[in-house]
Amino acid sequence: MKPSIPQGTRDFGAASIRKRDFIFQTIRTAFTLHGFEPLETPAFEKLETLMGKYGEEGDKLIFKILNNGLDKKAEKAQAAFDNVLLGKNEPKLTERALKYDLTIPFARYVAMNHGQLAMPFKRFQIQNVWRADRPQKGRYREFTQCDADIVGSQSLLNEVELSNIYHNVFEQLQIPVSICINNRKILLALAQQCGDEQLITALAVAIDKLDKIGLEKVVIELSDRGFSIENIDLIKKYLATAQLNTNDEKLESIEQLFGENELAKEAIGELKSVLTHCSFLAIDFTLARGLDYYTGSIFEVKPTTVQMGSIGGGGRYDDLTGLFGVKDVPGVGISFGVDRIYDVMEELEVFPADITSQKEVLLINFGEEYATDLLSIAKELRNANIPTVIFPDAKKLDKQSKYANKRGFEYVIFFGEDEKKNAQVQLKNFITGDKQIVTIDEAIKLINA
RNA sequence: GAGGAUAUAGCUCAGUUGGUUAGAGCGCUGGUUUGUGGUGCCGGAGGUCGUGGGUUCGAGCCCCAUUAUCCUCCCCA
């Protein structure tokens with residue numbers, strides 16, 4: 001058979017792992033410096049833990065794991081399978097699923113352990129998640145998320161801290177981004193004005209498309225969804241804020257639009273409070289975000305110079321653990337999409353040059369009789385923190401040298417008959433081509449220089 | 001779920017209106033200095049043209065089906 005990997009997955013070679021590690025390190029350091037503690041949860045959860053948390057679409061995109069020992073009757077299995085395809089829970093066929101994001105498993109963890117956790121609880125989590133989505137540019141079926149959440153605190157200071165993490169990390173990674181903020185309460189207020197808070201989902205879906213399909217088509221979609229002409233007129237006025245340039249202008253026009261609406265006043269107050277400390281944030285009243293569990297601030301990060309979907313997102317949820325029977329644990333969190341960040345950085349060519357080159361040394365093998373010497377040279381080099389490879393076979397020297405060249409060793413050490421007589425080594429710099437005969441200690445100094 | 005594109009050597013691709021032994025670059029491999037790589041020069045291996053049918057005297061090229069991948073929309077990181 002022709003070897004291949006499943007759709008939407010990737011292998012990571014040495015070069016890409018080093019680059020990915022660079023991103024992970026940057027994010028992990030920022031999380032740690034802001035006092036978040038690490039957490040890991042299983043790759044798969046009980047299906048019931050995940051189902052119904054991501055909306056109808058989300059349920060279909062969850063990777064379900066087939067049970068072992070399935071019912072042998074074909075019709076029964078088929079019926080169960082059809083249920084699963086409809087996005088229903090079907091314990092006879094599948095009762096576990098790969099995790100879809102890090103937030104819901106985290107909520108499950110908090111709900112299970114809230115008695116023991118020191119509140120406010122701050123955790124970060126860097127793990128893979130899986131989605132049975134159709135892969136395309138910047139979209140994978142297995143990808144890595146880096147989440148930081150704070151639960152057990154209503155304070156907007158948390159929003160400020162998380163915003164600062166976004167700001168710091170993308171600055172360090174040298175990705176020009178716009179970090180957008182909005183507040184779900186303002187959308188809820190808009191739904192209220194339209195006569196029904198339940199309309200928020202339909203409203204959010206339509207509004208979110210503004211920059212993609214344009215105002216006219218949004219209006220058409222809204223009217224298809226049954227919004228009245230007066231309501232659409234209101235929504236149009238609301239969307240007009242997207243044209244304004246500054247946060248102040250946007251806030252002002254929204255204030256005028258909503259007047260004395262309590263929710264709107266709350267939302268505006270919260271936005272202003274966060275903006276006081278984070279002037280880099282950009283208000284975007286058309287930002288909606290699909291996930292239903294957000295209730296307050298919502299964030300989204302987009303690269304400004306590269307065509308790519310959002311590379312980060314998050315928001316406040318007042319009752320995430322309520323889904324698991326634990327009330328009154330409000331929280332707020334953000335997420336980084338490492339895979340997209342990687343693609344963006346690759347496109348912008350902003351990976352530091354030195355992460356791909358390692359100061360490694362190759363010891364040329366002149367034959368079995370030198371094994372003991374090579375091992376002790378290697379030991380000295382490694383004690384000096386120099387990654388060292390002993391070429392295992394006494395192949396021709398040009399073969400060994402070619403290997404050194406191909407793998408990108410910075411130094412090669414020759415230790416053969418002549419060198420052994422003088423208790424020295426020949427150190428060759430494979431970048432410059434310079435050779436010199438020196439003692440091992442001198443070689444170590446030269447390499448570490 | 002809807003739409004579009006592609007499938008030829010290990011990789012990236014070319015292949016002209018269907019016409020003999022299907023090409024290039026890179027990579028791999030051997031030699032060019034029998035203790036030294038990268039650049040040069042010479043040589044070599046490697047493809048039942050995604051799969052299955054059909055049209056034709058003849059198909060990499062045309063038609064149908066199928067599978068896979070990529071891209072767009074939906075949705076998202």
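This is a predicted model: local features need pLDDT of at least 70, side-chain atom pairs count only at pLDDT 80 or more; totals for chains, interfaces and linings use all residues.
Visitor: Where does proline 120 lie in the loop regions, that is, between which two elements?
Guide: Residues are numbered from 1 along each chain as its sequence is written, and chains are lettered from A and ligands numbered from 1 in the order in which they are written. Helices (H or I, at least four residues) and strands (E, at least two) are DSSP runs, numbered from the N terminus. By that naming, the loop holding proline 120 runs between α5 (103-113) and β5 (121-130).

Visitor: Is the peptide bond from methionine 119 to proline 120 cis or trans, and what is its omega?
Guide: Most peptide bonds are trans. The bond joining methionine 119 to proline 120 is cis, with omega near -5°.

Visitor: What is the phi of glutamine 174?
Guide: Most residues other than glycine have a negative phi. Glutamine 174, in the loop between α6 (157-172) and β7 (177-183), has a positive phi although it is not a glycine, at about 60°.

Visitor: Where is aspartate 328 found?
Guide: Here too a residue other than glycine has a positive phi, with aspartate 328 near 60°. Aspartate 328 sits in the loop between β10 (312-317) and β11 (331-337).

Visitor: Are α7 and α8 roughly parallel or roughly perpendicular to each other?
Guide: Axes are lines fitted to C-alpha atoms, for helices over the stretch in contact, and angles run from 0 to 180 degrees between N-to-C directions. Helix α7 (residues 184-193) packs on helix α8 (residues 200-207) at about 115°, with axes 9 Å apart. Angles under 35 degrees count as roughly parallel, over 145 as roughly antiparallel, 65 to 115 as roughly perpendicular and the rest as oblique. Therefore α7 and α8 are roughly perpendicular.

Visitor: How far apart are the axes of helix α1 and helix α13?
Guide: Residues meeting here include Phe22 and Ile23 in α1 and Ile341 and Met345 in α13. The contact divides into 8 nonpolar, 1 polar and 4 charged. Helix α1 (residues 14-33) and helix α13 (residues 338-348) pack at about 115°, with an axis separation of 10 Å.

Visitor: Which element gives the most to the surface near RNA strand B?
Guide: A residue is near a strand if one of its heavy atoms lies within 4 Å of it. In total, 39 residues surround RNA strand B, dividing into 10 nonpolar, 11 polar and 18 charged. At least two residues each come from β6 (142-151), α15 (397-407), α16 (417-422) and β15 (425-429). The top contributor, with 7 residues, is α15.

Visitor: How far is a polar side-chain atom of lysine 428 from a base nitrogen of RNA strand B?
Guide: A side-chain N or O atom of arginine 131 is 2.5 Å from a sugar or linking oxygen of RNA strand B. Lysine 428 reaches a base nitrogen instead, at 2.9 Å.

Technical notes
Side-chain values use heavy atoms; hydrogens and water are left out. A polar contact is a pair of N or O atoms within 3.5 Å; within protein, one must be able to donate a hydrogen and the other to accept it, and residues adjacent in sequence count only if both atoms are side-chain atoms. Ala, Val, Leu, Ile, Met, Phe, Trp, Tyr, Cys and Pro count as nonpolar, Asp, Glu, Lys and Arg as charged, and the others, Gly among them, as polar. Contact means heavy atoms within 4.5 Å.
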